[in-house]
Amino acid sequence: MKKLGILLLVLFAFVGCASSPNRMVYSSGFSFANYDYAIVGKTDGGTTTALYGTDVEFANLLSRYNIRIIGDKEFAALPHETQVRTMFARISISASGKLITLSVSFDDAVTGKTGANFTTLSKGKIFDGKARGKAFEDASRMITKAIEQDKGLQVRRMR
């Protein structure tokens, strides 16, 4: 009976861990340490729903980790050595009923290869600023942890 109880406890713990609303996927060989520049934008160049200011907040987040935010036109004028150190940071936010999905994809700007993808699910409606903020905070936490680990940087708040 004890073995069955322990087995059920382990099974429920495993199922609980597997159903986490946050997902992080890295491609082989990807590291934030290889990039100094980013172009922040929507996933499809502008035909998706509004980002509700998360693109600006996200650009600010990346700049705290010494990643310079540039635009498409500025990227075209950069030398090749700088272009290979540039990534696209594509943001998508959508909702279905009372579930908000926020996804950020980091792609190499020269090759177009996806390097990392971060997705978070949060309860709430898309027009609720607090619910969108929660989804953004969850994604930001995963991304900052990955950048800190790859670049060896740590941003601290001064009090």
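Visitor: Which residue forms a salt bridge with Arg141, and how far apart are the closest N and O atoms?
Guide: Arg141 forms a salt bridge with Asp138, and the closest N and O atoms are 3.2 Å apart. Keep in mind that this is a predicted model.

Visitor: What is the general idea?
Guide: Side chains of opposite charge can pair when their charged atoms come close. Here, Arg141 and Asp138 are 3 residues apart in helix 5, so about one helical turn separates them.

Visitor: Is Asp138 buried or exposed?
Guide: Asp138 counts as buried because its relative accessibility is 6%, and the cut-off for buried is under 20%. Arg141 is exposed, at 51%.

Visitor: Which residues do salt bridges join into one network?
Guide: Asp36, Arg85 and Lys151 are joined, through salt bridges that share partners.

Visitor: How many salt bridges does the structure hold?
Guide: There are 6. One of them pairs Asp36 with Lys151, with 3.7 Å between the closest N and O atoms. That pair links distant parts of the chain, 115 residues apart. Asp36 sits in the loop between strand 1 and strand 2, and Lys151 is in helix 5. Another salt bridge joins the side chains of Arg68 and Glu74, at 3.0 Å from N to O. Arg68 is partly exposed at 45%, and Glu74 is partly exposed at 31%.

Visitor: Now the rings. How is a pair of aromatic rings described?
Guide: By the distance of the centres and the angle of the planes. This structure holds 10 aromatic pairs. Among them, Tyr26 and Phe32 are edge-to-face, 6.3 Å centre to centre, with 85° between the planes. Phe106 and Phe118 also form an edge-to-face pair, at 5.9 Å and 85°.

Visitor: Which parts does the pair of Phe106 and Phe118 tie together?
Guide: Phe106 lies in strand 5 and Phe118 in strand 6, so the pair ties together parts 12 residues apart in sequence. Phe106 is buried, at 0% relative accessible area. Phe118 is buried too, at 0%.

Visitor: Which residues form one aromatic cluster?
Guide: Tyr26, Phe30, Phe32, Tyr35, Phe58, Phe106 and Phe118.

Visitor: Where does the charged end of Arg90 sit?
Guide: The charged end of Arg90 sits over the ring of Phe88, 4.4 Å from the ring's centre.

Visitor: One last residue. Where is the place of Thr120?
Guide: Thr120 is in strand 6. Thr120 is buried, with a relative accessible area of 0%.

How values were computed. Residues are numbered from 1 along each chain as its sequence is written. This is a predicted model: local features need pLDDT of at least 70, side-chain atom pairs count only at pLDDT 80 or more; totals for chains, interfaces and linings use all residues. Side-chain values use heavy atoms; hydrogens and water are left out. Helices (H or I, at least four residues) and strands (E, at least two) are DSSP runs, numbered from the N terminus. Buried means under 20% relative accessible area, exposed over 50%, partly exposed in between (1.4 Å probe, protein chains only). Rings of Phe, Tyr and Trp (its six-membered ring) pair if their centres lie within 6.5 Å; planes under 30 degrees apart count as stacked, over 60 as edge-to-face and the rest as tilted. A charge sits over a ring if NZ of Lys or CZ of Arg is within 6 Å of the ring centre and within 35 degrees of the ring normal. A salt bridge is a side-chain nitrogen of Lys or Arg within 4 Å of a carboxyl oxygen of Asp or Glu.
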